[in-house]
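Grab a pencil and have a go at these exercises. Try each one yourself before you peek at the solution.

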Amino acid sequence: HVNITVGDLNEYQPRFSQRFYHKRIPENISITNSSSSSILQIIATDDDCSDETILYSIQNNDIPKDLFPFEIDKYTGLIRVKQQLDYETMQTYRFRVRASNLDGITSSMVPIIIDILDINDNRPSIQINILNEYKFNENNDNFFIHINENIRLGQVIGTILIRDVDSTITNHHLSLEILSCLPSTLSCPIELDSGMKNSSFSSTTYLIRTSRLLDREIGDEKFIIMLEARDYGNPSLNSQRHFVVNINDENDCVPKFTQLNYQFRLSNLSPSGSFIGQVHAYDNDYSPNFRLIQYQFLEDDFQDIINIDVHNGSLFLVTPLLTEITLNVTVRATDQLNNSLYDQANIQIQLLDETKCLPMFRQTIYVFNTTEHQIIPYEIGRVNIDSCLMASITINYHLVNENLLSTFPFSMDTHTGIIKVIRELDREIRSFYKFRIRSFHSKTQESSETEIHINILDDNDHYPVFDHVHEEYVYISTDHQQTNRIFISHIHATDADADLNGVVNYYFTNKNHYEHFHLYPNGSIVLYNLNDIHLPIRLEIYARDQGYPRPLNSKESIFIYVCDTLKRNECPKNQLPNKLRKNVYISSLFTMISVVFTLFILISCVLWNLFLKKKLKKEEKNNSCSYQVEARKNLIISDSLHDLSPIIRGNRRLKYVVV
């Protein structure tokens, strides 16, 4: 018998199960080292009998090894992800896998194609571009611009570009809106015009236009605008940016006289330099430099007789006139920085004989404004009598209702007509006062009356106060990936001040909370971003008014704990009862010990008292008393020596008679 053994020759190459491998995976796939986390398995076989072990390796010459995100198990052919994938960096990976025998004599290659699927993981970005004439400065939190109040309606001041690097397949389109515009008492001066758009869905350009005419004098000073850009992926993501618009004052207000016609009377015996009266014009421009006014006569006919102070409008007699005469002149109030802005008024000056002079207030109604809580006493205004009598004649001023003097917060100087505040004013108690003043002339015995109106202006003297100062616990589910926004809570604070001083806004103490929560001007709190949020979160919220000259913050804050419904044990509220229970147990234990100890002392005292009483009674029974009575003669019984009062000796009560 001849046995012939045929040895196997490594003559076959490994053969793959597929001609090529193609796989699609999302960019947010998890990175783990377990075999169950593989994304693809390469399978190759060898027809040789003795060399069936196949080794796998990746052949990649395009991407550096430290940046290549895949690895393969050389024995099993399982391909895993070893680095985080990013669709925006690389959408498709093409490489080859080599399968070889242990001796490495034969090998085969197969192409691998892995497509990365985009996930909506990038927030839209907001890029603001402002024209140079309006741009002011920029920081990481806010974008500041300055525009003049006389800017025309619909003027374009810049553009806003929103962009999202995610693919258009994930984000169908983007949107931009004005989320809030403070102060809320005024309409927003800015609007977004989306008429100009790019063809790409992932970037949109908006025009920034003025939405209304502006006026610095009616409160258009500063607007804080919050922009929100949102995509429509799954889940929807958004981003925010603050946009601050400052309104510059322009010299656009025309000076206005307080009266169209002025009348003044003067005695014809008045000496040179006598004060005739004063005209007054006001300018409503906000800036003090734009409110400067100069006065002048339009005619030169009476410059030798009367003169006017160019700065304050006071009129003086230059040349005395001994006759009765009426002078009619026109005065002009001109803006010092812009002569094209002016106003005119007529002045009538009567020089009369003293016998024809009657007292007369220069105004039928005097209106004064003052703020509350000023340091008293202080002067708020003055009333004047138009009398052509000589200055040596005294004029007295009095309040018409004398009964008000004891409680009235104002006083009147009887000689000068100056009104002073003598008691502290509070607008929240009373905001308006009206009373009358009477003047009396000692020479003519004539009197005149006028009415006084005093408006109490609000001072920012009240802090915002929350309706309920408390800690609130809110439980939410983190599985709301399909929900854009989750309502958390609603808070409310009040401010007793008026107008803007009483308008309240709300703020997070920690600015990082704005990345996940919206805090609206009405006090509503909404969770809009569930990405990268770690619950529980402690929200501390304070209120601030819009007071002038400085806003005031609330003295107390509201705390809201946002917790996960699936992890209630991590919420501080659920940890509190155990601690509280422990404290209550210890406190109750001490209380019980104290009560028992007190009862023990009381019972011991009662028993000891009973024991002493029993012992004393026993001693009293065992004691015997012996008394000796001695009789004497020739003694007189005296009533004064007869004493029936008891004497206590020890525990025995005795009575005796002295004979």
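**Exercise 1.** In what order do the strands of the open sheet of 4 strands come?

*Solution.* Keep in mind that you're looking at a predicted model. Reading across the sheet, the order is β20-β27-β26-β23, and the pairing is mixed. Now look at the ends: β20 (261–267) and β23 (293–297) are the edge strands, each pairing on one side only. On average, neighbouring strands here are turned by 25 degrees against each other, if you ignore direction. Next, zoom in on one edge. β23 and β26 (residues 325–335) run antiparallel and are joined by 5 bridges. For instance, Gln-294 has Thr-334 in β26 as its bridge partner.

**Exercise 2.** Is Ile-419 buried or exposed?

*Solution.* First find Ile-419 in strand β32 (residues 418–421). Its relative accessible area is 1%. Buried means under 20%, so Ile-419 is buried. Then check who it touches: leaving out residues up to four places away in sequence, the list includes Phe-368, Tyr-378, Val-383, Phe-410 and Ile-437. Val-383 is 36 residues away along the chain, with 7.9 Å between the two C-alpha atoms.

**Exercise 3.** Why does the pair of Phe-408 and Tyr-433 count as edge-to-face?

*Solution.* A whole-structure search turns up 23 aromatic pairs. In this one, the ring centres are 6.3 Å apart and the planes sit at 85 degrees. Angles over 60 degrees count as edge-to-face, so that's the label for this pair. Now place the partners: Phe-408 is in the loop between β30 (395–399) and β31 (410–412), while Tyr-433 is in strand β33 (residues 432–441), so the pair ties together parts 25 residues apart in sequence. Phe-408 also forms an edge-to-face pair with Phe-435, at 5.0 Å centre to centre and 90 degrees between the planes. Both Phe-408 and Phe-435 are buried.

Conventions:
Residues numbered from 1 in each chain as written. Predicted model: local features only at pLDDT ≥ 70, side-chain atom pairs only at ≥ 80, totals over all residues. Heavy atoms only, no water. Helix = DSSP H or I, 4+ residues; strand = E, 2+ residues; numbered from the N terminus. Buried < 20%, exposed > 50% of the residue type's maximum accessible area, 1.4 Å probe, protein only. Contact = heavy atoms within 4.5 Å. Pairing = 2+ DSSP bridges. Axes fitted to C-alpha atoms, helices over the stretch in contact; angles between N-to-C directions. Phe/Tyr/Trp six-rings, centres within 6.5 Å; stacked < 30°, edge-to-face > 60°.
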